Amino acid sequence: MTRPFPDLRRLRHFITVAEKGSFTRAAEDLHLSQQALSSSVRQLEKELDAVLFVREGRRVTLTPAGQLLADEGRPLLAAAHTVADHVHRTAATAREVYVVGHTPALSGTEVYELLEPAVEAFADASFTFRQMFPGQLVAGILDGSVHLGLRRGVVPVGDLAAAVLGYHPVRLALLTEHPLATRDAVDIADLAGQTIALWAPPGSSYYSDFLLGACRRAGFEPDYVVSRVQGAATVAAPLTTGAIAFVTAPAGPAMDGRVTVVDVRPPLVVPVQALWQRHTASAIRDLILADH
C-alpha cells in the first residue's frame with residue numbers, strides 16, 4: 001500500500017488557514033477564492049485520510065491530527081523552499097553562499113573558530129556571518145535565509161533540528177577600577193549586591209536565565225540591568241552600564257585596559273547550540289557537526 005504524503009501546495013494552503021484561524025482571512029492572504037481554498041483543504045484531508053479542522057461557523061480549530069500536521073508541516077514546507085533554492089543555485093552554477101546567524105552572546109571570533117574547519121575545507125563556498133536576536137535567528141532559519149544558527153544554551157527548538165557544538169568557559173568582565181578586578185578569580189557568591197549586565201530580559205533569553213540561575217544557585221537574587229548598547233563586544237558592557245558582565249572572553253585586560261576579565265569560581269561553562277532546518281542536507285553543516 002502506498003503511504004500518503006501531502007501535496008506541498010495544499011500543505012501551504014492548510015498551514016495558512018491554521019495560522020489565520022479562518023478560511024476567509026486565509027483566502028485573502030493567499031489571493032484565492034474561499035471556494036478554491038476549501039476545496040484544496042478538503043482534497044488534502046482526503047489524501048491523508050484525516051479530518052484536519054473542526055468547522056464552527058466562520059471559525060475553524062485544529063483537530064489533533066491537524067495540530068500534528070501544522071507542527072510537522074511548517075518545517076517540511078520551509079525545507080521544500082530551501083531545497084528548491086539549492087537546486088536553482090546548483091543549476092545556475094552559482095557560488096554557494098553559506099549564511100550563519102548568531103546571537104549577540106557569541107562573538108564573531110568565537111563563531112569563526114567554530115566554523116574554521118568548514119571555511120578551510122569548502123574553498124569554493126562563500127560564508128556570511130550575521131548577528132541576530134534569537135527571534136530573528138529562528139525566523140531566518142525557517143524561511144531559509146539563514147542556513148545555520150548559533151546561540152547560547154540548550155533550548156527546546158520545536159520546528160528545528162539542533163545539536164550542541166561545544167562549551168565555552170564563562171568569566172567576569174569588570175571595570176578595571178572595580179575592587180573585584182584585582183583578583184585572579186571571583187567567587188560567584190561575591191556578586192551579591194552587585195549589578196549584572198544582561199543583553200536581554202529574563203524570560204526572553206535562555207542565556208539571561210542561565211546566568212541569573214547561576215547566581216541564584218549561589219544563594220542570592222541578582223540585580224541586573226539590560227545593556228542599552230546591543231551588538232557590541234560583550235566585554236564592552238561594563239563601560240556602558242557600569243555593571244559586571246558574564247563573558248566568554250579570555251582572562252586579562254580588554255577594551256584598552258579599561259575592562260578586566262577574571263575567572264569565576266566555581267567554574268561555569270555555557271554550551272553553544274547549532275540550529276538548522278529539519279529535512280535538509282548540507283555537506284558544510286555535516287562537517288561542522290562532525291568536527292565538534
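Modeller: The chain has nine helices and 14 strands. Both are DSSP runs numbered from the N terminus: helices are H or I with at least four residues, strands are E with at least two. This is a predicted model, where local features need pLDDT of at least 70 and side-chain atom pairs count only at pLDDT 80 or more, while totals for chains, interfaces and linings use all residues. Residues are numbered from 1 along each chain as its sequence is written, and side-chain values use heavy atoms, with hydrogens and water left out.

The C-alpha trace spans about 70 × 50 × 35 Å along its principal axes. Of the 292 residues, 44% are buried. Buried means under 20% relative accessible area, exposed means over 50%, and partly exposed is in between (1.4 Å probe, protein chains only). Take the contacts between residues at least 6 apart in sequence: 73% of them join residues at least 24 apart. A contact is a pair of heavy atoms within 4.5 Å.

Now the close look: phenylalanine 14. This residue lies in helix 1, residues 8-20. Phenylalanine 14 counts as buried because its relative accessible area is 0%. What is phenylalanine 14 in contact with, leaving aside its neighbours within four places in sequence? The partners are Val41, Leu44, Leu52, Phe53, Leu62, Gly66, Leu69 and Ala70. Take glycine 66 from that list. Glycine 66 is 52 residues from phenylalanine 14 in sequence, yet their C-alpha atoms are 8.9 Å apart in space. One of the other partners, Val41, has a number that falls in helix 3 (34-48).

Histidine 31 counts as exposed because its relative accessibility is 72%. Aspartate 256 can be read alongside. Its phi is near 55°, again positive in a residue other than glycine. Aspartate 256 is in the loop between strand 12 (252-254) and strand 13. At 78% relative accessibility, aspartate 256 is exposed.

The peptide bond from arginine 265 to proline 266 is cis, with omega near -5°.

Threonine 103 is in the loop between strand 3 (97-102) and helix 5 (108-121). Beyond its neighbours within four places in sequence, threonine 103 is in contact with Gln131, Met132, Pro134, Leu137, Leu150, Arg151 and Arg152.

Last, the surface. The chain exposes about 14,900 Å², with carbon and sulfur atoms supplying 53% of it. These areas come from the Shrake-Rupley method with a 1.4 Å probe; for residues, only the protein chains shown count as cover. Val154, Val164, Tyr167 and Val269 form a nonpolar surface patch, with about 350 Å² of accessible area together. Patch residues have over 30% relative accessible area and no salt bridge; nonpolar side chains (Val, Leu, Ile, Met, Phe, Trp, Tyr) are joined within 5 Å, like charges within 9 Å. A salt bridge puts a side-chain nitrogen of Lys or Arg within 4 Å of a carboxyl oxygen of Asp or Glu. Valine 164 belongs to strand 6, residues 160-169. With 32% relative accessibility, valine 164 is partly exposed.
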